[in-house]
Amino acid sequence: MCHQYQYLVEDEYGVQKKRLFWKNIYSYDESGYLMEFTEFNDSFFPHTYKHAYVYDSCGNMISETQYGDLYGIFSSKRVYKYGRKNELLAETTYFRGDGFDKKTSYVYDDKMNVLKKEFKGKGKD
């Protein structure tokens, strides 16, 4: 699946041409899970980001990795840990060059309502 936005610009001769402003590409596996998301942005600060996702056998996302460009430069990784009832117990975020940055832990009551959300590390929510 692909979404994109284009706009018209004039070249040095006054001829209007289409220019790509941004484009998103989504890739799914055979079960319908999002496996990759790539964003191309050619605005004032051109950049490309790629996100890769991994799931466990229950369909829970266990990791999300972001790359700063298509050449595979690692930017950040978020790792998710689940309990026996598939409840999210913790998410840990790592950033390039800094190592461990932030961990968020969750505590639930017997009805699976979040009772407590705890932050550790350098990051804040």
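Here is a short tour of the model's confidence, followed by two residues and their surroundings.

## How confident is the model?

Keep in mind that this is a predicted model. Mean pLDDT for the protein chain comes out at 81, with 73% of the residues at 70 or more.

## Glu 64: a buried charge

Glu 64 sits in strand E5, which covers residues 61-67. Its side chain is an acidic one, and the residue is buried without a salt bridge. Arg 78 carries the nearest side chain of opposite charge, 4.1 Å away. That doesn't count as a salt bridge because the cut-off is 4 Å.

What does the Glu 64 side chain pair up with in a polar contact? The partner is the side chain of Tyr 80, at 3.4 Å. Leaving aside residues up to four places away in sequence, Glu 64 touches His 51, Ala 52 and Tyr 53, plus Ser 76, Lys 77, Arg 78 and Tyr 80.

Phe 95 belongs to strand E7, residues 88-95. With a relative accessible area of 34%, Phe 95 counts as partly exposed, because that value falls between the 20% and 50% cut-offs.

Ser 76 is 19 residues from Phe 95 in sequence, yet their C-alpha atoms are 4.4 Å apart. Again skipping residues up to four places away in sequence, Phe 95 touches Phe 74, Ser 75, Ser 76 and Asp 101. Ser 76 also turns up among the residues that Glu 64 touches.

Definitions and conventions:
Residues numbered from 1 in each chain as written. Predicted model: local features only at pLDDT ≥ 70, side-chain atom pairs only at ≥ 80, totals over all residues. Heavy atoms only, no water. Helix = DSSP H or I, 4+ residues; strand = E, 2+ residues; numbered from the N terminus. Buried < 20%, exposed > 50% of the residue type's maximum accessible area, 1.4 Å probe, protein only. Polar contact = N/O pair within 3.5 Å; in protein donor to acceptor, adjacent residues only side chain to side chain. Contact = heavy atoms within 4.5 Å. pLDDT = per-residue confidence, 0-100.
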